[in-house]
Amino acid sequence: VRVIDHHTARLFWDLEVVTDQLEEELGKKKELEDKLRRERNLLQQILDSLPDAVIVLDSQKRLEWVNARLEEFTGIQPGNLTTDGKYVDPFCEHASNQEEPGYVCSLEEVISTKKPVQFIYFDSNPDSDRHYYRIIVTPILNDGGQIEHIMETARPIDRQVMQNREITESEQRFRLFVENAHDMITMKDLEGCYQVINDRAASLFGMSPMDFIGRTDREIFPPKLADTLFKKDQATISDKKFSRDRETLHVQGERRHLDTARFPLLNYRGDITGVCSI
């Protein structure tokens, strides 16, 4: 009996040790799981706080992360990014001819080249509030130079696109106005280099506009004429105000009488950047 009691006691002792070890391991496992959960939640919060929509894939193009901006910007829910377990890139043209030669989706290009790809994506959905996105697809490489993750970011750029259109249209209107004006129009910077000159002004001197752009009067005209124009421009810049006078210029051996208005050109801060003559 004493022998049995000894073995039983030993068995219970070993069982208590193993139980303690298991409890310790389970405690460590739970602590590790809690830490991973906190880190995952923190990463999700960081991704959600970013100004861009973010999609993260593994090396096999399986979806791993999506931040809240994606649904906010596009209306696409994370569950709609996969079909039959496969990731469906919302910023890839899923055309019927994608199997044809020459069709390359951004993800495939990144996987092939291991280099980032950036492009503008147009969403033709008429119900969408946003249509233009700047897309950047970036490979994340491991120490061995192999792709470990792929990060795809999207930012709406409708405002920038509209601003660029407005700037382009404004430049076109300005160019049409200058080129079709009956007056002679020139614009120079503070160094006296011609930035704008219309055909009518250039023809006064028997030249074309391209003969003037980027050059100063001293590089184009005889010294006396160049000095006259330079002094008048500098007076307008120093006085910082509109002026108008009748002037006589000796051009190609002839006296030309002009009614000229000059005024300083200003930037958005109100600083003088040049002078305009009409």
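**View 1. The aromatic cluster of Tyr-194, Phe-205, Phe-212 and Phe-221.** In this predicted model, Tyr-194, Phe-205, Phe-212 and Phe-221 form one aromatic cluster, where rings of Phe, Tyr and Trp (its six-membered ring) pair if their centres lie within 6.5 Å. The structure holds seven aromatic pairs. Residues are numbered from 1 along each chain as its sequence is written, and side-chain values use heavy atoms, with hydrogens and water left out. Because the model is predicted, local features need pLDDT of at least 70 and side-chain atom pairs count only at pLDDT 80 or more, whereas totals for chains, interfaces and linings use all residues.

**View 2. Confidence along the protein chain.** The mean pLDDT of the chain is 87, and 94% of its residues reach 70 or more; pLDDT is the predictor's confidence in each residue, from 0 to 100. Among the elements of the chain, helix α1 (residues 2–49) has the lowest mean pLDDT, 77, while strand β8 (residues 186–189) has the highest, 96. The elements named here are DSSP runs numbered from the N terminus, with helices (H or I) of at least four residues and strands (E) of at least two.

View 3. Five strands form an open sheet in the order β9-β8-β12-β11-β10, with antiparallel pairing, and two strands are said to pair if DSSP finds at least two bridges between them. The edge strands are β9 (194–197) and β10 (243–251), each of which pairs on one side only. Neighbouring strands of this sheet are turned by 25° against each other on average, direction ignored. Helix α7 (residues 223–239) packs on the sheet, touching β8, β10, β11 (254–266) and β12 (272–277), and its direction makes about 170° with that of β10. For such angles, axes are lines fitted to C-alpha atoms, for helices over the stretch in contact, and the values run from 0 to 180 degrees between N-to-C directions; contact itself means heavy atoms within 4.5 Å.

**View 4. Bridges around β8 and β12.** Three bridges join β8 to the antiparallel strand β9, and four join β8 to β12, which also run antiparallel. Met-187 stands opposite Val-196 in β9, and in β12 the bridge partner of Met-187 is Cys-276. Strand β12 is joined to β11 by five bridges, again antiparallel, and Val-275 in β12 is the bridge partner of Pro-264. In the hairpin of β11 and β12, which has five residues between the strands, Gly-270 takes a positive phi near 90°. Five of the six residues of β12 are buried, and the strand is mostly covered; buried means under 20% relative accessible area, exposed over 50% and partly exposed in between (1.4 Å probe, protein chains only).

**View 5. The sheet that contains β5 and β6.** Five strands form an open sheet in the order β2-β1-β7-β6-β5, and the pairing is antiparallel. Strands β2 (63–66) and β5 stand at the edges with a single partner strand each, so one side of each is left without a neighbour in the sheet. The twist averages 20° from one strand to the next. Helix α3 packs on the sheet, touching β1, β5, β6 and β7, and its direction makes about 140° with that of β7. Six bridges join β5 to β6, and Ile-120 stands opposite Arg-134 in β6.

**View 6. The largest nonpolar core.** This core has 19 residues, and those with the most contacts inside it are Ile-55, Leu-70, Phe-91, Tyr-133 and Ile-135. The elements that give two or more residues to the core include β1 (53–58), α2 (68–74) and α3 (106–113). A nonpolar core is a set of buried Ala, Val, Leu, Ile, Met, Phe, Trp, Tyr and Cys residues joined through side-chain atoms within 4.5 Å. Leaving aside its neighbours within four places in sequence, Leu-70 is in contact with Ala-53, Ile-55, Gly-75, Ile-76, Leu-81 and Phe-91. A second, separate core of 15 residues includes Phe-205, Phe-212, Ala-226 and Val-251.

**View 7. Two tilted aromatic pairs.** Phe-91 and Tyr-133 form a tilted pair, 5.8 Å centre to centre with 55° between the planes; planes under 30 degrees apart count as stacked, over 60 as edge-to-face and the rest as tilted. Phe-91 lies in the loop between β4 (86–87) and α3, and Tyr-133, 42 residues apart from it, lies in strand β6. Phe-91 counts as buried because its relative accessibility is 4%, and Tyr-133 because its relative accessibility is 1%. Phe-122 and Tyr-132 form another tilted pair, 5.0 Å centre to centre with 50° between the planes. Phe-122 lies in strand β5 and Tyr-132 in strand β6, so this pair ties together parts that are ten residues apart in sequence. Phe-122 is partly exposed, with a relative accessible area of 40%.
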